[in-house]
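Here is a short briefing on one protein model. Please look over the sequence and the fold before reading on.

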Amino acid sequence: MSLSVVHTETAPAAVGPYCQAVKANGFIFTSGQVALNPATGKLVEGGVQDQAKQVLLNLTEVLKAAGSSFDKVVKTTVFLKDMKDFAAVNEVYATFFSEHKPARSCVEVARLPLDVSVEIECVALYN
């Protein structure tokens, strides 16, 4: 099996002992992204939609660095601090997945890193 680590300066660095993504046998497995601005390393200001947009922009950069894009995403997992934010996050999510709609799970969790409201990870194809 072939494994390679994906790293890009255009997405936030990992805040723990993990990488931004791993490529393995034609797939990319991203780590969960939160709403950190890669230029400042700080959380974006605003509400859950602002956070969701930054999360998806960060995923865009990780996928690009891995040789992929949103149209090759197979599955996403969305973690919400509050399921009441489901519709608001969906509005932003739909702008990134307008034509191609991957499989998706969405769960409410007790707490997320840095006390953010949303975190998203994905599995995608490359090449």
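Is G32 buried or exposed? G32 is buried, at a relative accessible area of 19%; buried means under 20% relative accessible area, exposed over 50%, and partly exposed in between (1.4 Å probe, protein chains only). This is a predicted model, in which local features need pLDDT of at least 70 and side-chain atom pairs count only at pLDDT 80 or more, while totals for chains, interfaces and linings use all residues. Residues are numbered from 1 along each chain as its sequence is written, and side-chain values use heavy atoms, with hydrogens and water left out.

**G32 and its surroundings**
- G32 sits in the loop between strand 3 (27-30) and helix 1 (48-65). Helices (H or I, at least four residues) and strands (E, at least two) are DSSP runs, numbered from the N terminus.
- Beyond its neighbours within four places in sequence, G32 contacts E119, I120 and E121. Contact means heavy atoms within 4.5 Å.
- G32 and I120 are 88 residues apart along the chain, yet their C-alpha atoms are separated by 5.1 Å.

**Q20 and its polar contacts**
- Q20 lies in the loop between strand 1 (3-6) and strand 2 (21-24).
- Q20 counts as buried, with 3% relative accessibility.
- The side chains of Q20 and H7 are joined by a polar contact of 3.5 Å. A polar contact is a pair of N or O atoms within 3.5 Å; within protein, one must be able to donate a hydrogen and the other to accept it, and residues adjacent in sequence count only if both atoms are side-chain atoms.
- The Q20 side chain also reaches the backbone nitrogen of T8, at 2.6 Å.
- Not counting residues up to four places away in sequence, Q20 touches a set of residues including A11, P12, T30 and V62.

- V89, V92 and Y93 are buried in helix 2 (residues 86-96).
- These residues lie on the same side of helix 2, because they cover an arc of only 105° around the axis. The arc is that of the directions from the helix axis to the C-beta atoms.
- Cover for the buried residues of helix 2 includes helix 1, strand 4 (73-80), strand 5 (103-108) and strand 6 (118-125).
- Exposed residues E91 and T95 are on the face turned away from the buried side of helix 2.

**L114**
- L114 is in the loop between strand 5 and strand 6.
- L114 counts as partly exposed, at 46% relative accessibility.
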